[in-house]
Amino acid sequence: MKHRITIAALLLLLTVTAHSQDAIERLLPQLLACDNIDIRETISNDIFNDGKNRYSFLINTTPVGNLPEGLLDSLVAAFEYEHRFATESDRYRKHTGNGDSIFYTLAYNGTNHPKPNSSKLNVINHSFNADIECAATLDIYDNNFNFYFLHTEMTGNKSDGKVYDAASLTALFSEIAADTLTKSVPVRYDITDGNYNGSWQFQYEEKRKTHCRGMRLEIPAKVASKVYARMSDAIESVNCATDQPFYHSRKRNDTSIIFGANWEGDVFCMRRMDDGRVFILHTETTPDSDVAIPDNWPEINIINH
């Protein structure tokens, strides 16, 4: 399906006084409401970033037609407006008979041209310095697009006024496990030979070995919605006031959090299945071990390499 992006006309409609990093943020709820788009949000408490939280929003390569009419044009208009005001920016546009190709990179209080051999934040086709304050990318090509937004700021939600950390999430997990409707299965993931075939969560590029012990809960569909809401609210509340370093990732039916400055602490994963069931995983790591959780953890009890 061909698409045509009319930047000049859109700029006439874009009447905002703030820079479009704010306009982009205002578009995030509309993107989250799109059921047929794979979206991942992350919040991490970076102890090397003055205690502020880092929020990111990622849409991997997705057909343009999956977006509601006008939403992609709104994103383009915001990027086109802002590329002049960002600390650094790149813009590439090409018009062809098959549609428009557009690539935008915005960097605020940072660079999108990090020095060789320096610590980098790599996002799809773009790179930034690791401690950048705000960044955004938008690539449109071959009737597909991908989008990324990052902002370092204090952020968080308080669902019930409580403050959660690893210990309180463990207590809530144990309470859910004690319910007679919950099915509990012990899990163990041991890898010492470097054989990390498949897809994993919380895996560093140079993984050495992992020894994870824990429990997986299966919640029946008739009570799963209530349990999912309660556990996800508790995970969301971690980023309010905890002093513990953490990394929290969430998708539409999937959420996870890991504690520790180097991802060496407790892990909590939760996934809602198509049939309504909910699975919850809690693992701990033994000393001198990295963390690695298989992506299909609801189906795997034991790994022993």
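**Aromatic rings and their surroundings**

Mentor: Happy to! The chain has six helices and 17 strands, where helices (H or I, at least four residues) and strands (E, at least two) are DSSP runs numbered from the N terminus. This is a predicted model, in which local features need pLDDT of at least 70 and side-chain atom pairs count only at pLDDT 80 or more, while totals for chains, interfaces and linings use all residues. Residues are numbered from 1 along each chain as its sequence is written, and side-chain values use heavy atoms, with hydrogens and water left out.

Now to the rings. A pair of aromatic rings is described by the distance of the centres and the angle of the planes. The structure holds ten aromatic pairs; rings of Phe, Tyr and Trp (its six-membered ring) pair if their centres lie within 6.5 Å, and planes under 30 degrees apart count as stacked, over 60 as edge-to-face and the rest as tilted. Take Phe 79 and Tyr 104: their ring centres are 5.6 Å apart and their planes meet at 40°, so this pair is tilted. It links distant parts of the chain, with Phe 79 in helix α3 (residues 71-82) and Tyr 104 in strand β4 (residues 99-108), 25 residues apart. Both Phe 79 and Tyr 104 are buried, on a scale where buried means under 20% relative accessible area, exposed over 50% and partly exposed in between (1.4 Å probe, protein chains only).

A second pair joins Tyr 92 and Phe 103, with centres 5.9 Å apart and planes at 45°, so this one is tilted. Tyr 92 lies in strand β3 (residues 88-96) and Phe 103 in strand β4, so the pair ties together parts that are eleven residues apart in sequence. Here Tyr 92 is partly exposed at 44% relative accessible area, and Phe 103 is partly exposed at 25%. Going back to Phe 79 and Tyr 104, ring pairs link both of them with Phe 57 and Phe 147 into a cluster.

Rings can also meet charges. The charged end of Arg 272 sits over the ring of Tyr 228, 3.9 Å from its centre; for this, NZ of Lys or CZ of Arg must be within 6 Å of the ring centre and within 35 degrees of the ring normal.

Most residues other than glycine have a negative phi, and most peptide bonds are trans. Asp 142, though not a glycine, has a positive phi of about 50°, and Asn 143 has a positive phi near 60°. Asp 142 counts as exposed at 61% relative accessibility, whereas Asn 143 counts as partly exposed at 24%.

Another loop, between β9 (183-191) and β10 (200-201), holds Asp 193, which is exposed with a relative accessible area of 51%. Asp 193 and His 305 are 112 residues apart in sequence, and their C-alpha atoms are 6.2 Å apart in space.

Finally, the chain as a whole: buried residues make up 49% of its 305 residues.
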